[in-house]
Amino acid sequence: MDSIEKAIRSAFAKGDPGDRAFREKVYRSAFAALDRSLGANPNVTEAIAQRRRETLLAAVTAIETEFVPARPAAAPVPSSAPTPIPTPAPAAGPGRPPQPAARPRVEPPTASGVNAPGIGTLDVAAPSLDGERRPAPGRPAARPDRKAARQAERARAALREGRSARPRRRLRLIGPLLFLLLVGLAGAALWWLVVSGEGERLLAPPPAGENGGPRIPGNADTFEGWFDIFTAADPTTVTAPGDTRAEVMEDDGVRFIRIRSGASGSPVLFDVGQGVLEDIAGRRAVFNIVAQAREGEETQISVDCELGRLGDCGRKRYAVGPAREEYLFEIDLPAQRPDAGGVIAVNPDVEGKGRTVDIHAIRVRPAQ
């Protein structure tokens, strides 16, 4: 489960996800967060913004399909009763006048497609010159059977009721489909905001103060509890061994640390305090690295962890562009008491071309 879907489902836990109005409120919070965040960074590219928008829209669509009721099977339509084949009249013999051909006899259908009980067969007379049908010569007009008429009327009423029930079933399905359509239109509107330069990045809301890091979009109460591993306000937790470099810089009032690895390829080290490890020991933890590359210098970074008695996180690798973004990973930590702190090692350019990466923050929190 990715972080966006997990954030939405965590927000669901604060209310009744079966209530569509509540779900809409959560989705609107996510999209509003996107709307605020994309405008905060004028360096965001169209490709990155569209990828963020598609990721959120796909997560919302996948979650919402779980609440769409199954479509009922259509009732079978009864077939009409077959019309009997007319029997030819007997041939004329000696001394026997020719007999007129027998008229076809048709069973009158009822509203349900079968003959109603009590209704006999009727003679079908040929049409007259004025287009009206009259009884056959020599036969009296059929008298209406009141009992049969009532039965036929009841059958027609039952058929009308069955037909009217089908539109009601269709109307019950229109609501969820219309809601999904509105979600898709909202995503299209967000894409327009991105390409027109009026939106913000998906990470919401913008930092509170010069060192406040962005949060994952959603209900703000759901995403509290991050422990700081590194902020630019305390660069003493950073070590640049050998030919690596780490410099604290500021751009438009926002401070960060710019790291560069030398020819040796050694990483820059960020200390993880023992107290932080004690808070997350025995739990599944989410690590969050907020970083961006310099304009025109997209790079690939690698991240390694050494957490003492709690083990390591394995090597992670990310492609970092010029937009400020969050790079997250999760690991399970054993239930042991740490006897010391740990380190997170970041190599800003695994290709060894001397590219730099700006690190704004590194945080960790227990997974939801």
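Author: In this predicted model, Phe287 touches Ile229, Ile280, Leu307, Tyr327, Leu328, Phe329, Ile331, Ile344, Arg363 and Val364, leaving aside residues up to four places away in sequence. Phe287 is also one of the residues that touch the most other members of the largest nonpolar core, together with Phe270, Leu307, Phe329, Ile344 and Ile359. This core has 34 residues. Its largest share, five residues, comes from strand E8, which spans residues 284-293. Another core, of 20 residues, lies apart from it and includes Ile4, Val26, Val60 and Phe179.

Next, the sheet. Five strands make up an open sheet, ordered E4-E7-E12-E9-E10, with antiparallel pairing. Strand E4 (238-239) and strand E10 (316-320) are at the edges; each has a single partner strand, so one side of each is left without a neighbour in the sheet. In general, strands of a sheet pair through backbone hydrogen bonds, either parallel or antiparallel. Strand E9 (residues 299-306) runs antiparallel to E10 and is joined to E10 by five bridges. One of the residues involved is Thr299, whose bridge partner in E10 is Val320.

On the surface, Ile174, Leu178, Leu181, Leu182 and Leu185 form a nonpolar patch, and their accessible area together is about 480 Å². Ile174 has a relative accessible area of 45%, so Ile174 counts as partly exposed.

Methods:
Residues numbered from 1 in each chain as written. Predicted model: local features only at pLDDT ≥ 70, side-chain atom pairs only at ≥ 80, totals over all residues. Heavy atoms only, no water. Pairing = 2+ DSSP bridges. Helix = DSSP H or I, 4+ residues; strand = E, 2+ residues; numbered from the N terminus. Core = buried A, V, L, I, M, F, W, Y, C linked by side-chain atoms within 4.5 Å. Buried < 20%, exposed > 50% of the residue type's maximum accessible area, 1.4 Å probe, protein only. Contact = heavy atoms within 4.5 Å. Patch = residues over 30% accessible without salt bridge, like charges linked within 9 Å, V, L, I, M, F, W, Y side chains within 5 Å. Areas by Shrake-Rupley, 256 points an atom, 1.4 Å probe, with all protein chains shown as cover. Salt bridge = Lys/Arg side-chain N within 4 Å of Asp/Glu carboxyl O.
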